[in-house]
Amino acid sequence: MLPTQPSVNPPQTDAATTAALLCDRHGRVIEYVRVSITERCDYRCVFCRPAADYHEANAAAVSTRTTASSLTTGETLRLCHLLAGMGVANFKITGGEPFLNPDAVRIIASLKGNPEVGSVTVTTNGNQLALHAKNLRQAGVDCVNVSLNGMTPAGYAALTRCPGARVEDVLAGIAALQAYGVRIKINMVPLYDLNERDIVPLLEFALPRGIPVRFIELMPIGEGIRYRGLSRREVEERVEARFGPLVPLSEKRGNGPAAYARVAGYEAAIGYIAALSQNFCAGCNRIRLTSSGFLKTCLHHHDGGNLAGALREGKDDRELSERIRAIVLDKPERHRLRACPANSAGGGEPMLGDAATRSPVQAMHKIGG
C-alpha cells in the first residue's frame, strides 16, 4: 500500500527569515513555481482540451497558433530570475507542450545558470524528446516528467485525439534521455474504460528501466469533469495484483506532494498524487506563472494577478517584487473542489465547497497544469 501524503505542515521560520522569503498570510513559504511557456499543444488529450479545440483538417494550424498576449522569452526569464532572487528555487517548465516554444531549452539553460536556482525540471508529452535529449543534457535539466497515458498505439491515439501521435516516438524519446543520462519520471492519469488496462504495462516498461511512475488523480477541471478517474486504492489493487505488496517510502522525493512506495525487485518508486481525496493544501509551496503573464496562486481559484501589464508599463524590479509579494500574500488557504459526478458516474459539473465560492474553472491547458 502507498503511504499517506507527506506531512503538510508549513515550514517553521523565524520572523526575520520569513520577512525575506516569499510567504502567504497562512505562513506557507513559496519555493516552487510552474512556468507555462506556451498554451499551444500538438495533442488534444481527452481530459485536458475541449473537443471543439481539435479539428483533424487543420490540426497543424491549431497547434501552432500564437497569441499577442503571450510573454516574450525575455519577459519570462526576467520574472523567473526575479522569483529566484525572492527565494523561489525550484522551477517546472510546462505548457501546453513546452517544446512547441523554440526557446524552451534556452529558458532551461538560463535558469540553470542562475546560482539562486535549485532545480529546473520540465513536463512534456514526450513526442519531441528524441530531438531535444542531447540539448537538454547540455542545458543541465534536472528531470524530465513525461506524460504517458497509454501504452498501445490505438489507445494512445484515442486518448491524445491526434492521428499522428505515436507512443513509439515517446518511448524512443525516453530511451534517448536515458542514453544521455537525463533523469526521468513518467506521469499517468488513470481513467476508467480508457487506460486502466495500461497501468500494469506502463509499470512493466518503466520499473526495469529504473524510471519512477506517478499516478495522478483526475481533477474535475475543464474537460476532466467528463471522465471518471481511478482512486488511489483502485490503482494499488492493480499494482499489487501484478507485482505484490507495495512497501511505503517515508522520505520526501522531489518538490511535489506525491506519496511513494516500492515493489519487490525494483528500485524505481511508484507514486500517487491525490489532490482531492488527500488534500495537501496546508503545505502547498507553489505558484504558477501562465504564458500570458498571470501569476496564479492556486490551481483551482482565479486568484492571482497580471504581471505582464506591470512589465510592459516599465516597472522596475523593486516594483515587480512588491507586486509579486502582494499577490502571493493573498494565496487562498485551500482549494474548494471536491469530487464531482463525472468522476463517479460520467457526467456533471465541478463541485466547489459551497455556493458562495463557486466560480468557473479554467481549462487545464490555460493554467499550465
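Predicted model: local features only at pLDDT ≥ 70, side-chain atom pairs only at ≥ 80, totals over all residues.
View 1. Across the whole structure, the search returns zero disulfides.

**View 2. The aromatic pair of Tyr43 and Tyr156.** Two aromatic pairs are counted in the model. In the pair shown here, the rings of Tyr43 and Tyr156 are arranged edge-to-face, at 5.9 Å centre to centre and with 80° between the planes. Tyr43 belongs to the loop between strand S1 (32-36) and helix H2 (59-63), whereas Tyr156 is part of helix H6 (residues 153-160); the pair therefore ties together parts that are 113 residues apart in sequence. Both Tyr43 and Tyr156 are buried.

**View 3. The aromatic pair of Phe243 and Tyr266, with Arg242.** The ring centres of Phe243 and Tyr266 are 6.1 Å apart and the planes stand at 85°, so this pair is edge-to-face. Phe243 is located in helix H9 (residues 232-243) and Tyr266 in the loop between strand S8 (259-262) and strand S9 (270-273), so that parts 23 residues apart in sequence are tied together by the pair. Phe243 is buried, at a relative accessible area of 11%, while Tyr266 is partly exposed, at 25%. Arg242 lies over the face of Phe243, 4.5 Å from the ring centre.

**View 4. Arg228 over the ring of Tyr192.** The charged end of Arg228 is placed over the Tyr192 ring, at 4.1 Å from its centre.

**View 5. Helix H5 and its surroundings.** Helix H5 spans residues 129-139, and its buried residues are Leu129, His132, Ala133, Leu136 and Ala139. Viewed down the axis of H5, these buried residues fall within an arc of 140°, and so they line one face of the helix. An α-helix has 3.6 residues a turn, so residues three or four places apart point the same way. Leu131 and Gln138 are exposed, on the face of H5 turned away from its buried side. The cover over the buried residues of H5 includes helix H4 (104-112), strand S3 (119-124), strand S4 (143-147) and helix H7 (167-179). Just after H5, Gly140 adopts a positive phi of about 90°.

**View 6. Phe91 in the largest nonpolar core.** This core holds 88 residues, of which Phe91 and Phe215 touch the most other members. Helix H3 (residues 73-85) gives the most to this core, contributing six residues. With its neighbours within four places in sequence set aside, Phe91 contacts Tyr32, Val33, Val35, Cys80, Leu83, Ala84, Leu111, Val117, Ser119, Val120 and Thr121. Another core, of six residues, lies apart from the largest one; among its members are Leu249, Ala258, Ile273 and Phe280.

**View 7. The buried residue Ser291.** Ser291 is found in the loop between strand S10 (286-289) and strand S11 (294-296). Its relative accessibility is 7%, so Ser291 counts as buried, the limit being under 20%. Not counting residues up to four places away in sequence, Ser291 touches Ser36, Ile37, Thr38 and Glu39, together with Ser69, Ser70 and Leu71.

How values were computed:
Residues numbered from 1 in each chain as written. Heavy atoms only, no water. Buried < 20%, exposed > 50% of the residue type's maximum accessible area, 1.4 Å probe, protein only. Helix = DSSP H or I, 4+ residues; strand = E, 2+ residues; numbered from the N terminus. Arc of directions from axis to C-beta. Contact = heavy atoms within 4.5 Å. Phe/Tyr/Trp six-rings, centres within 6.5 Å; stacked < 30°, edge-to-face > 60°. Lys NZ or Arg CZ within 6 Å of the ring centre and 35° of its normal. Core = buried A, V, L, I, M, F, W, Y, C linked by side-chain atoms within 4.5 Å. Disulfide = S-S within 2.5 Å.
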